[in-house]
Amino acid sequence: MFQSLSDRLSGILDKLTRRGALTESDVGEAMREVRRALLEADVALDVVRDFIDKVKAKAIGQEVLRSITPGQMVIKIVNDELVAMLGSEGSTIDLHATPPVAIMMVGLQGSGKTTTTAKIAKRLTDRDKKKVLMASLDVRRPAAQEQLRVLGEQTSVDTLPIVAGQTPQQIAKRAVDAARLGGYDVVLLDTAGRIHIDEELMRESVEVRDIARPHETLLVADSLTGQDAVNVAKAFDERIGITGIVLTRADGDARGGAALSMRAVTGKPIKLLGVGEKWDALEDFHPARVASRILGMGDVVTLVEKAAQTIDAEKATKIAEKMKKGIFDLDDMAEQLKQMQRIGGMSGVLGMMPGMGKIKAQIADANLDDGILKRQHAIITSMTPQERRNPKVLDARRKRRIAAGSGTKVEDVNKLVKMHRQMADMMKSLGRNKGMLNRLVGGPGR
Ligand code: GDP
């Protein structure tokens, strides 16, 4: 799921981060593209409109546009709104009720309802150590009850014995009674589906609901049906009142719009994703993770949050300018060391950047671990301004003086000078790669 949407959005947002300064019209243009991408991914029009309005309202403020990393700030705003749209808090099946807790499964025929019922039963049994009973209330499809019985055998979950000729309402009552008498923690009711929503189905579901008094009523919807899935969810919620949604076939190449609109349209959380036909192909739905997957931005969001709090904008811009010209002296290095210390060390910063693993290893080789940042800073401040601008003048006598002044050894001074040379080389090559440089320091890049 989400692949093509993710490609589109990361393309649009990447363009934003590559430009240094942003104007209102840059953001406006990007938002028009985001809007188009979301609509093509099948997200409901109202939801898209609301989303774009919110992002724009936050992104066009002067604070964002004037910041050192406007593109990344916009990404963060898009990300936050995406998470909100998906249901920020995240939620899973709620079993906090007096057992047996009844869970009623509803949805159209073919949505994956029976499979999902068995997957949930198996997960509650294996992972949560619950005693679970399943019952099929589908008396329409001739083989439905038998199908669930077989699934129960395969997953080692108990099923309610089949009694021919009973109505769904009678089966519901029998299931709840059996669960109570048998000391079950959970009873899962797999109701009948239909090809379309019809009045008879709704009436039957309401009656079953009133008998079983489910603590959770989960709608199973096929994400491949896109916009239709959203309409189905809305209809079921209005008539029966659902407590959550399970989106199946999230492993397929659905455009993802259903997942994105579900929450906003129904106000009910997506609780689980079905991601295949196997028993364990069931995942919790984490809005934040899904959003970052859609944006394809690694942990840039976390990085921006941290950096925004700590980096001194003016200084960072100055360094970025010099780096672009291939200049990186010891004063710059001292400044970098100080800023790095504030955001959790070089390894902390690089660990959050997508694709920075290689440089991170080089820095580890250069012995730049966070513990010695402070000492290195002391060495640099013991130098004269001339030495800092031009480390080549550092001879043995000067090095002894600096070591004494900073409470270190000549050896340490040598190491620092060597490291500076390596960093300067790295900065130079980064300076040639403008896209990478802007990601790192967010300086103006045109
Ligand atoms: P029901 O009519 O709603 O009860 O649908 P079933 O549970 O019988 O499922 C119909 C088909 O969809 C079966 O072949 C399932 O294996 C398949 N299916 C269910 N959930 C998923 C899923 O998350 N991913 C994939 N790829 N197939 C699924």
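How many helices and strands does the secondary structure of the chain come to? The count is 22 helices and eight strands, taken as DSSP runs numbered from the N terminus (helices are H or I, at least four residues; strands are E, at least two). This is a predicted model, where local features need pLDDT of at least 70, side-chain atom pairs count only at pLDDT 80 or more, and totals for chains, interfaces and linings use all residues. Residues are numbered from 1 along each chain as its sequence is written.

**Whole chain**
- Of the 446 residues, 43% are buried (20 or more other C-beta atoms within 10 Å of a residue's own; 12 or fewer is exposed, in between is partly exposed; C-beta atoms are placed from the backbone).
- Take the contacts between residues at least 6 apart in sequence: 75% of them join residues at least 24 apart (a contact means backbone-placed C-beta atoms within 7 Å).

**Around the ligand**
- The ligand has 18 residues around it, with Gly112, Lys113, Thr114, Thr115 and Gly274 the closest (near means a C-beta atom, placed from the backbone, within 6 Å).
- Helix 6 (residues 113-126) gives the largest share of that shell, three residues.

**Residues 269-282**
- An unreviewed UniProt entry puts "domain: SRP54-type proteins GTP-binding" here; such annotations may be inferred rather than shown by experiment.
- The span is 43% strand and 0% helix, and its end C-alpha atoms sit 16 Å apart.

**Pro391**
- You'll find Pro391 in the loop between helix 19 (385-389) and helix 20 (396-406).
- Pro391 counts as partly exposed because it has 19 C-beta neighbours inside 10 Å.
- Leaving out residues up to four places away in sequence, Pro391 touches Leu330, Val417 and His420.

Terms used. Contact = placed C-beta atoms within 7 Å.
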